[in-house]
Amino acid sequence: MSDVKKEPLFTVIIPTKDRADYLAYTLKSCAMQEYTNLEIIVSDDGSTDNTREVVLRAASLDSRIRYVTPPASGMRENFEFALGQVRPGFVIALGGDDGLLPNGIRDMNNLLQLTGAESLAWPAPVYYYSNVKSDSAQLILHAKMGRAKSGYKMLSADEFLAKTAKNLSYVSDVESPMFYVKGVVSTRIIDSVKSKSPDGCFYACATPDGYSGIVTAGEIDEYAFSEAPFSIYGMSPTSFGLGYLSESDKAKKQSESFFRNAENRPMHQDLGGQPYSPLICLMTADYLLTAKDLPGWSARAPDIDYRQLIIQSLNELADGNYAKARTARELEIISGVAEHQGLGEIFRQTLRKAKRNRRSHLDGNALSPSRLYLDGNKYSISNIVEAAYFAYYFHAFGSKFDAKSMFQMLTNSFRYFLQSYRKNGHLHIDE
């Protein structure tokens, strides 16, 4: 019985569609896990490429991999079906182009056992495949002035929700306990959320990632946060979020297809029941409002400042990363939210002053106070597995090189250098 507790079942669900070329590397990152009590469930939402063959080939080499197909089509339906296949233990969701770091599952379990937590989060690195942002690939690591961080801390779930209601930016919050790529959660919490849902489902919004962090935070008092990551985001040409930022005809068709599938799941009634919007602040507001409607959801999340929401939505839309061709749809949605909240004049005043900025994606090598940007081509990083290994060793060894260590290294090097100038006796042959 004690062995079961020390090595509980971990399940990786991978809801996917038409990502066979990238899924092969995602599965390789999962298969290289040495943790025994692990199941990897790939739920294929009607792919038209060779996804099935890729998964079955991987499953023939690793019995922990399982291929399933949902009865209904759509992103939310696929995630819900995959989650329904999970047995009691812990679960993490990956997209078909994401990955696990070496020893990721083992290290998750070690920290969960140490803290006794049922929810664990971390700051996942991001790997952009080539031909996404530019011709070159790029790896983005969370680092303080270029130095890897280590250690862990316990975080208050209520404080996380208060911060989320204020900032309305779930994507940029590295401490979010969502179990899509950057977190893992016990199935007991999943079941608790399902028991409160009118339809018995876990996912209640059109997109499944950020909602998972907000709704599960309402089921716990605190959760663990590791400064070192256990998984990695992959951004490929098939990533929906990036597709919405693109001006290409293929990306537009992909977005339109998703919007059609999401028509039966509009945003919360307090947002005017507007169609789904990919604007981060509107998605965050929708997640919070939807979770608060669950009967018995006991979290104390502050109310949303709708005036700030309107202003922030327009500012986000003005970001130079957004495709100009998509702005008309989002302006109509923001206007609908504003009118519903009696803030139509605030919308019009802010819109008159708003100007698009010229910011674009940061390519190549760069450094910020909290992130390290590396040119993938320069460091021979060409897929999510290679990026996962690089991130793992960066955190495994980089966090140990602090200012004191660097000083000791320089001191020892200088001392060794000085020894070459010391003369002691003559060269001679012993008789």
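Me: Which conventions apply to the model and its numbering?
Reply: The model is predicted; local features need pLDDT of at least 70, side-chain atom pairs count only at pLDDT 80 or more, and totals for chains, interfaces and linings use all residues. Residues are numbered from 1 along each chain as its sequence is written, and side-chain values use heavy atoms, with hydrogens and water left out.

Me: Which residues touch the most other members of the largest nonpolar core?
Reply: A nonpolar core is a set of buried Ala, Val, Leu, Ile, Met, Phe, Trp, Tyr and Cys residues joined through side-chain atoms within 4.5 Å; buried means under 20% relative accessible area, exposed over 50%, and partly exposed in between (1.4 Å probe, protein chains only). Here the largest core has 102 residues, and V12, L27, M108 and L309 touch the most other members. Helix α11 (residues 280-292) gives this core its largest share, nine residues; helices (H or I, at least four residues) and strands (E, at least two) are DSSP runs, numbered from the N terminus. A second, separate core of 20 residues includes Y22, Y127, A391 and Y392.

Me: With which residues is S382 in contact, leaving aside its neighbours within four places in sequence?
Reply: Contact means heavy atoms within 4.5 Å. By that criterion, S382 is in contact with Y127 and Y129. The C-alpha atoms of S382 and Y129 are separated by 7.0 Å, although the two are 253 residues apart along the chain. S382 lies in the loop between β14 (371-375) and α15 (384-398).

Me: Is S382 buried or partly exposed?
Reply: S382 is partly exposed, because its relative accessible area is 47%.
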